[in-house]
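Have the viewer open as you read.

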Amino acid sequence: MTTVDTPAAVGIAPALRQLYFVRFAFAIVWAVLVFATNSELGALGIALVVIYPLFDVAAAVWDARTSGDNSQVRSLQVNMAISLIAAVGLAIASASGVPAVLRVWGAWAIVSGIVQLIVAVRRRTMGGQWPMILSGGISVLAGGNFVASASGTDPKLSGVAGYAILGGIFFLVSALRLGRASKEV
């Protein structure tokens, strides 16, 4: 049984649930747009790869504002900084092509996956966090795969779209579990 065992957790669970639903919807729409670009780095493709980490910054700001735990806020602030650096790095890497974008994306996925793991483990008592723990771990592995695939023949951005879809699904499952956990209180 998943439970929300503290008043602070009960207070942030609805806000997290809403955030996770928004993140799910964004990830799906974003991935469809990436697939629509045929994994090319035209103006839309560049905008999309830069927008994704910027959205992650906005989501971390939302999360930090609803979280009352300073240790979680610090981790979220680290995530904001990492995602801002990734957005700048992706904008610069876009001038060099898909392999450079995949390397930067991979590095970002690894580091942000570690931060996601830390935050989710700290929040596990509120319920609904196992999907986030799994997502953080998968992000680390996927990041390594992006870096490796950048050296392959004809690398494509379609992998990052699949990554976004899977991440979105994890956010959806976590949102649904958070809703169920808050009803069990």
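## Starting point

Is Trp-30 buried or exposed? With a relative accessibility of 2%, Trp-30 counts as buried, where buried means under 20% relative accessible area and exposed over 50% (1.4 Å probe, protein chains only).

A word on the ground rules: this is a predicted model, where local features need pLDDT of at least 70 and side-chain atom pairs count only at pLDDT 80 or more, while totals for chains, interfaces and linings use all residues. Residues are numbered from 1 along each chain as its sequence is written, and side-chain values use heavy atoms, with hydrogens and water left out.

## Ring pairs

The structure holds ten aromatic pairs (Phe, Tyr or Trp rings, the six-membered one for Trp, with centres within 6.5 Å; stacked is under 30 degrees between planes, edge-to-face over 60, the rest tilted). In one of them, Trp-30 and Trp-105 are stacked, at 5.5 Å centre to centre and 20 degrees between the planes. That pair ties helix α1 (residues 7-36) to helix α4 (residues 98-122), across 75 residues; helices here are DSSP runs of H or I, at least four residues, numbered from the N terminus. Trp-105 is buried too, at 0%.

Tyr-52 and Trp-108 go edge-to-face instead, with 6.0 Å between centres and 75 degrees between planes. This one links α2 with α4, 56 residues apart, and both residues are buried. Ring pairs also join a cluster that includes Phe-26, Phe-55, Phe-146 and Tyr-163.

## Helix α2

Helix α2 covers residues 43-66. Its buried residues include Leu-48, Val-49, Pro-53 and Asp-56.

Conventions. Helix = DSSP H or I, 4+ residues; strand = E, 2+ residues; numbered from the N terminus. Expected span 1.5 Å × (residues − 1).
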